[in-house]
Amino acid sequence: MKSCTDVILIASHRSLLDQLRRCCSFMPATIHAAESVSDALRLYDRENIRPHLLLLDSSSSHFETMKKIAALQQIGEEVPIALLIEDQPASALEEARSAGVTHFLMKPLEQGQVESLLSSLDERIRKAPTDLRNGTHPHVTRFSDGNFFLAGSPAMLEILRQIERIAPPDVPVLITGESGVGKEMVARMLHLRSRRAGKNLLKLNCAALPADLLESELFGYEAGAFTGAVKAKPGKFEQCDGGTILLDEIGEMSAALQAKLLHVLQDGSFSRLGSRVETKVNVRIIAATNIDMEQALSERRFREDLFYRLNAFVIEVPPLRERRVEIPYLLRDMTRALAATHQVEPIEFSSQLISAALEYQWPGNLRELCNFVKRHLIMRDESMALVDLQHKTSSRYLSLTRSSPSKSVDYSGGLKAASRCAKDEAETMMLRSVLEEANWNRRIAAERLQISYKALLYKIRQYRLDAPDAFVAHRNVEITTSVQNKLVAT
């Protein structure tokens with residue numbers, strides 16, 4: 001047995017701890033005592049103990065035991081749960097097994113059964129991936145709708161620690177990161193770990209609605225405020241009074257709405273459309289964006305006073321290519337969740353397919369990975385999935401190498417200037433490649449890039465990307481021919 005084996009015993013009776021230590025006296029296992037599930041979670045979260053086994057005493061009622069089992073799932077499915085039992089009926093044991101219990105130990109504890117369990121655990125540890133053997137179990141929190149938050153890389157584990165610190169106080173949080181990295185899951189974790197967890201969490205995408213409609217969605221309206229407003233309607237702020245609102249893609253919000261949002265942040269009050277009466281609400285605001293906020297500020301597309309209100313705490317979510325260690329676990333958990341949603345049998349990913357997934361850059365991040373899993377789950381053709389990944393990996397490499405040679409980087413501006421230069425070059429190459437694939441149809445290109453049409457137009461102007469003369473001429477001929485055909489037809 002390896003000395004790294006850690007066991008957390010959750011029991012209120014000291015006698016059980018003494019029994020367990022006697023049974024493990026000849027085995028190099030470290031026993032950590034916890035009187036409650038919250039103590040066990042504290043050992044995991046704050047003292048950074050990564051257990052290989054959880055031992056739970058079932059001396060409380062069956063209902064309470066089931067609640068404890070569910071709570072322990074926060075530590076992760078990779079950690080087996082053993083239940084200490086006396087005379088439970090078979091139905092209760094079956095329910096516990098369905099809830100996640102993997103082993104049962106009879107009380108009083110005997111050395112033979114404990115040694116047998118730890119021996120099988122040792123075999124499991126030796127077969128586990130290196131990061132699990134080193135005790136770095138990925139943290140998984142599952143939500144009721146099948147979505148989940150996973151943190152297995154150093155960067156995401158640091159974000160989890162940030163969440164634990166800033167979730168309880170009622171302060172605005174700005175979440176930044178590329179499209180599809182999981183900013184909404186971070187927001188849900190902030191709400192779940194806050195004092196508002198029992199209240200509503202509502203999300204509104206600021207880029208998906210025109211300014212007028214977005215204002216009425218946020219603040220509501222009175223009857224007669226505009227054509228079609230036959231009766232009053234509360235907005236999102238009123239609906240989640242006492243809870244949390246997530247404003248996704250806040251960088252796309254109009255200047256007028258930014259001013260009204262600033263007022264809510266300052267005073268906690270606003271007026272419905274068509275009303276002169278102010279409404280007071282107690283709402284925590286979490287904002288998310290995938291744009292460069294510094295650039296938006298310099299170009300006066302975003303108010304400085306609102307930005308400084310929102311950015312007291314900033315969580316930057318890294319892209320998937322910078323946390324590749326999580327990909328095998330994401331593949332597994334996405335497969336399970338999607339299989340349950342589509343009512344099909346889950347599938348296992350071969351080591352060859354996982355290796356191919358680790359080599360790919362995943363420009364669409366978690367959203368692209370989820371779509372890949374969904375296709376593989378439905379088609380169930382591993383060779384096709386493997387070819388798809390290898391093709392995209394090689395195509396991406398070729399598109400980068402065929403691009404115009406990089407300009408020599410001017411290092412006089414320091415690391416930040418060099419990073420910005422490299423970022424601009426990469427964005428230019430990707431934009432041109434996708435636009436060419438879409439025959440310069442900007443709406444199709446925006447969909448493939450997973451950004452708004454407005455954002456694409458801005459990027460085209462920013463990097464001075466123009467359609468090739470041959471394409472423009474060809475397009476003009478198409479339009480002229482179309483017009484002539486219509487004239488002939490008439």
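N365 sits in helix 16, residues 365-379. Helices here are DSSP runs of H or I with at least four residues, strands are runs of E with at least two, and both are numbered from the N terminus. The model is predicted, so local features need pLDDT of at least 70 and side-chain atom pairs count only at pLDDT 80 or more, while totals for chains, interfaces and linings use all residues. Residues are numbered from 1 along each chain as its sequence is written, and side-chain values use heavy atoms, with hydrogens and water left out.

N365 is buried, at 0% relative accessibility. Buried means under 20% relative accessible area, exposed means over 50%, and partly exposed lies in between, for a 1.4 Å probe and protein chains only. A polar atom of the N365 side chain lies 3.0 Å from the backbone oxygen of S179. Beyond its neighbours within four places in sequence, N365 touches E178, S179, G180, V181, P319 and L320. Contact means heavy atoms within 4.5 Å.

W362 is buried, at 0% relative accessibility. Its phi is near 50°, a positive value in a residue other than glycine.

**Two helix pairs**

Helix 16 also meets helix 14, residues 327-342. The table sets this pair beside helix 9 (residues 211-219) and helix 11 (residues 255-267).

| Helix pair | Axes come within | Crossing angle | Hand |
|---|---|---|---|
| Helix 14 and helix 16 | 9 Å | roughly 60° | right-handed |
| Helix 9 and helix 11 | 11 Å | roughly 15° | left-handed |

Axes are lines fitted to C-alpha atoms, for helices over the stretch in contact, and angles run from 0 to 180 degrees between N-to-C directions. Angles under 35 degrees count as roughly parallel, over 145 as roughly antiparallel, 65 to 115 as roughly perpendicular, and the rest as oblique. Helix 14 and helix 16 are therefore oblique to each other. Helix 9 and helix 11 are therefore roughly parallel to each other.

In the pair of helix 9 and helix 11, the axes cross at roughly 15°. The contact joins A211, L214, E215 and F219 of helix 9 to L257, K260, L261 and V264 of helix 11. By class, it has six nonpolar, no polar and two charged residues.

Helix 9 has these buried residues: L214, E215, S216, E217, L218 and F219. They pack against strand 9 (201-205), helix 10 (236-239), strand 10 (244-248), helix 11 and strand 11 (269-271). After helix 9 comes G220, with a positive phi near 80°.

**A strand residue**

I286 belongs to strand 13, residues 284-289. I286 is buried, at 0% relative accessibility. Its C-alpha atom is separated by 4.8 Å from that of L246, 40 residues apart along the chain. Leaving aside neighbours within four places in sequence, the contacts of I286 are V173, I175, A187, L190, T244, I245, L246 and L247.

**Two loop details**

P108 lies in the loop between strand 5 (101-106) and helix 5 (111-127). The peptide bond from K107 to P108 is cis, with omega near -5°.

R300 is in the loop between helix 12 (293-298) and helix 13 (304-310). Its phi is near 60°, positive in a residue other than glycine. R300 is exposed, with a relative accessible area of 76%.

Conventions. Polar contact = N/O pair within 3.5 Å; in protein donor to acceptor, adjacent residues only side chain to side chain. Left-handed = near helix turned anticlockwise from the far one by under 90°. Nonpolar A, V, L, I, M, F, W, Y, C, P; charged D, E, K, R; others polar.
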